[in-house]
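Me: I have a model open and would like to learn how to read it. Please take me through it feature by feature.

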Amino acid sequence: MKDLGLRIRAARKLHGYSTEKLGQVSGVSVATISRAETGIHVPNLISAFCIAETLHVSLDWLTGRAPAIRDTEIKAEEMLKNGEIKFKATASIGH
């Protein structure tokens, strides 16, 4: 779910949040947020909901099931389309 991570990152950056600040405000661990943004892990439903609520986006948009409707969603999609947010490759463990 690479798009999920990109959408989280774009909406997070729109709010000016670091991963640490998003974790603090949403109650989701920084590790969960970081792993979701890099595509290593898909957060559980409760974590995804807390992230979506904190970033003022719908869970459906965050998971790619609905088009952007809210202002934050529209601006985040513009950032993605303009290439301002890119998928970060993860380092291989043990290499």
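**Reading the chain**

Reply: Start with one residue. Asparagine 44 is partly exposed, with a relative accessible area of 47%. Buried means under 20% relative accessible area, exposed over 50%, and partly exposed in between, with a 1.4 Å probe and protein chains only as cover. Asparagine 44 is found in the loop between α3 and α4.

Me: What should I know about the model itself?

Reply: This is a predicted model, in which local features need pLDDT of at least 70, side-chain atom pairs count only at pLDDT 80 or more, and totals for chains, interfaces and linings use all residues. Residues are numbered from 1 along each chain as its sequence is written, and side-chain values use heavy atoms, with hydrogens and water left out.

Me: How many helices and strands are in the chain?

Reply: Helices (H or I, at least four residues) and strands (E, at least two) are DSSP runs, numbered from the N terminus. Here there are six helices and zero strands. Along the sequence, the pattern reads α-α-α-α-α-α.

Me: What share of the residues count as buried?

Reply: The chain has 95 residues, and 37% of them count as buried. The chain exposes about 5,700 Å², and carbon and sulfur atoms supply 53% of that. These areas come from the Shrake-Rupley method with a 1.4 Å probe; for residues, only the protein chains shown count as cover.

Me: Which residues of helix α2 are buried?

Reply: Find residues 19–26, which form α2. The buried ones are Thr19, Leu22, Gly23 and Ser26. They cover an arc of only 100° around the axis, so they lie on the same side of α2. The arc is taken from the directions that run from the helix axis to the C-beta atoms. After α2 comes glycine 27, with a positive phi near 80°.

Me: Which residues of α3 are buried?

Reply: In α3 they are Thr32, Ile33, Ala36 and Glu37. Their arc is only 125° around the axis, which puts them on the same side of α3. Glycine 39 follows α3, and its phi is positive, near 80°.

Me: At what angle do α2 and α3 pack?

Reply: Axes are lines fitted to C-alpha atoms, for helices over the stretch in contact, and angles run from 0 to 180 degrees between N-to-C directions. For α2 and α3 the angle is about 125°, with the axes 8 Å apart. That makes α2 oblique to α3. Angles under 35 degrees count as roughly parallel, over 145 as roughly antiparallel, 65 to 115 as roughly perpendicular, and the rest as oblique.

Me: Which residues of α2 and α3 meet?

Reply: Contact means heavy atoms within 4.5 Å. From α2 come Thr19, Glu20, Leu22, Gly23 and Ser26. They meet Val30, Ile33, Ser34 and Glu37 in α3. Pick out isoleucine 33 in helix α3. At 0% relative accessibility, isoleucine 33 counts as buried. Leaving aside neighbours within four places in sequence, isoleucine 33 is in contact with Thr19, Leu22, Gly23, Ser26, Val28 and Ile51.

Me: How do the axes of α2 and α4 cross?

Reply: They come within 9 Å and cross at roughly 105°. α2 and α4 are therefore roughly perpendicular to each other. The contact joins Leu22, Val25 and Ser26 of α2 to Cys50, Ile51, Thr54 and Leu55 of α4.

Me: What is the place of isoleucine 40?

Reply: Isoleucine 40 is in the loop between α3 (30–37) and α4 (45–55). Isoleucine 40 is exposed, at 55% relative accessible area. Now compare chain and space. Isoleucine 40 and glycine 5 are 35 residues apart along the chain, and their C-alpha atoms are separated by 9.2 Å.

Me: What phi does histidine 56 have?

Reply: Histidine 56 has a positive phi of about 60°, although it is not a glycine. Look for histidine 56 in the loop between α4 and α5 (59–62). Histidine 56 is partly exposed, with a relative accessible area of 46%.

Me: Which residues of helix α6 are buried?

Reply: In α6 (residues 71–81) they are Thr72, Glu73, Ala76, Glu77 and Met79. They cover an arc of only 155° around the axis, which puts them on the same side of α6. Just after α6, glycine 83 takes a positive phi of about 75°.
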